[in-house]
Amino acid sequence: MSEPAGVHTLVRRTHEERILRALREFGPLSRGEISDRVGLSRTTTSEITGELIERRAIVAVAPDAADRVGRGRPADRLVLDPGAGQVVGIDFNHGRVQVAVADASQEIIAAGDARYDLDSAWRERAQIAFALLERLTVETGVHYGALQGIGIGFPGPFSPQGSRLALGRDKRDTSAVDGARELREHFAQRFDVPIMLDNNARLAGLAEAIWGGQSASSDLIYLRLSHGIGGGLVQGGVLSTGASGYAGEIGHITVIVDGAECRCGKRGCLETVASVPAVLAACARRGAPVADLAALRASVASGDPIVGAVLRDVGDAVGRVLGGLAVVLDPAEIVIGGPLVQAAPMIVDQARSAIGYELIPIPQAAPVIRAASLGDDDGARGAIAAVLRRSALLQRYPDDGVARDLPSPLQRSTT
């Protein structure tokens with residue numbers, strides 16, 4: 001009886017990864033050396049390496065004359081193609097898709113972004129992402145013949161566990177599961193690799209925890225101030241998704257009782273005060289209309305007193321929320337990022353003061369409070385990290401099948 005197609009595909013992918021891992025760890029190897037290293041027959045090794053060469057995952061290089069032993073033509077050595085993208089991270093943010101491509105050494109070898117209309121369907125957004133990936137090939141030479149997985153940051157309240165929000169709230173949020181499923185299908189049709197989706201703000205927090213500070217943070221609160229507000233929590237060295245997968249929705253904590261209606265259905269959420277639309281609206285109400293973030297940045301630079309007052313109020317609200325969370329969670333770091341912080345860094349300073357007021361007066365319990373240090377590709381970087389399971393922060397991260405198909409860099413020394 002023949003093997004089921006799915007089993008055969010998984011076995012083949014496992015063999016491919018064992019060969020790619022050997023080349024990552026040991027450098028150029030002949031087919032015979034690969035066979036010995038990974039424990040596959042010479043026939044199987046030759047067949048799989050041939051397919052990998054066709055896909056440009058690996059390339060054959062002529063052996064050095066000094067390596068010639070005995071008579072006859074020395075065996076070619078195989079190496080990883082330096083232009084091959086192994087993992088792709090994608091962040092669908094507010095009107096923009098950001099892409100980062102990592103090679104076999106898990107270094108970013110290409111990155112870029114493209115705009116899309118906010119009213120566009122997920123099929124259109126996926127097509128824009130595909131066009132961006134092709135553009136990166138033309139501009140940088142990166143290719144996807146060795147692609148092993150794709151991580152996607154999904155906007156808004158979203159659970160990787162597939163649970164739905166309560167009915168009766170924002171329909172854009174209640175349809176998030178359907179939108180994510182559609183997006184996954186578009187990518188699955190285009191790329192025959194495992195695909196992982198999660199909330200993009202949580203992935204940005206993961207990236208900050210791994211790369212943003214002096215070292216990976218075992219306890220961190222991350223807040224992203226954008227057109228919506230999201231966040232990520234690292235507790236006890238683990239990225240937290242919560243019981244239902246919605247951990248990190250800091251933007252929906254109430255800061256003003258009976259305040260403005262939020263898209264989640266509640267009133268007075270932090271998002272109604274500290275999101276980009278809320279800040280622009282507050283400036284206009286007070287007599288300092290600013291059209292967009294660029295105008296807001298210019299007003300901050302010129303010292304506009306009305307804009308300054310609005311931003312101090314925003315920083316206070318952010319600080320009260322984060323301070324309360326800090327009392328409960330005792331983080332080592334609190335990181336505030338997103339487009340609003342990039343335009344108005346003073347928000348972080350104001351939030352720092354408010355957080356300090358909320359904290360228990362124990363010097364040892366004072367967290368580091370800083371602005372996010374990564375760029376606009378933080379969500380895409382976090383998606384790459386989640387696919388690769390490259391951090392101990394992900395040891396109890398929900399497994400949607402990607403981890404079974406990809407190696408954990410943390411386990412390489414044991415293989």
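Which handedness, left-handed or right-handed, does the crossing of helix 9 and helix 11 have? Keep that in mind as the tour starts.

**Before you select anything**

This is a predicted model, in which local features need pLDDT of at least 70, side-chain atom pairs count only at pLDDT 80 or more, and totals for chains, interfaces and linings use all residues. Residues are numbered from 1 along each chain as its sequence is written, and side-chain values use heavy atoms, with hydrogens and water left out.

**Stop 1: two helices**

Select residues 276-285, helix 9, and residues 305-329, helix 11. Helices are DSSP runs of H or I with at least four residues, strands are runs of E with at least two, and both are numbered from the N terminus. The two axes come within 9 Å and cross at roughly 135°. Axes are lines fitted to C-alpha atoms, for helices over the stretch in contact; angles run from 0 to 180 degrees between N-to-C directions. Helix 9 and helix 11 are therefore oblique to each other (under 35 degrees is roughly parallel, over 145 roughly antiparallel, 65 to 115 roughly perpendicular, the rest oblique). Their crossing is right-handed: the near helix is turned clockwise from the far one by less than a right angle.

Now show the side chains. V279, A282 and C283 of helix 9 meet I306, V307, V310, L311 and V314 of helix 11. Contact means heavy atoms within 4.5 Å. The residues of this contact are eight nonpolar, no polar and no charged.

**Stop 2: I90**

Move to strand 3, residues 87-93, and pick I90. I90 has 0% relative accessibility, so it counts as buried (under 20% relative accessible area; exposed is over 50%, partly exposed in between, with a 1.4 Å probe and protein chains only).

**Stop 3: aromatic rings**

Select F92, Y116, W122, F130, F154, F187 and F191, which form one aromatic cluster. Rings of Phe, Tyr and Trp (its six-membered ring) pair if their centres lie within 6.5 Å; planes under 30 degrees apart are stacked, over 60 edge-to-face, the rest tilted. By this rule there are six aromatic pairs.

Zoom in on F130 and F187. Their ring centres are 4.9 Å apart and their planes at 70°, so the pair is edge-to-face. F130 sits in helix 4 (residues 122-140) and F187 in helix 6 (residues 176-190), 57 residues apart. F130 and F187 are buried.

F191 lies in the loop between helix 6 and strand 7 (195-199), 61 residues from F130. Both F130 and F191 are buried.

Terms used. Nonpolar A, V, L, I, M, F, W, Y, C, P; charged D, E, K, R; others polar.
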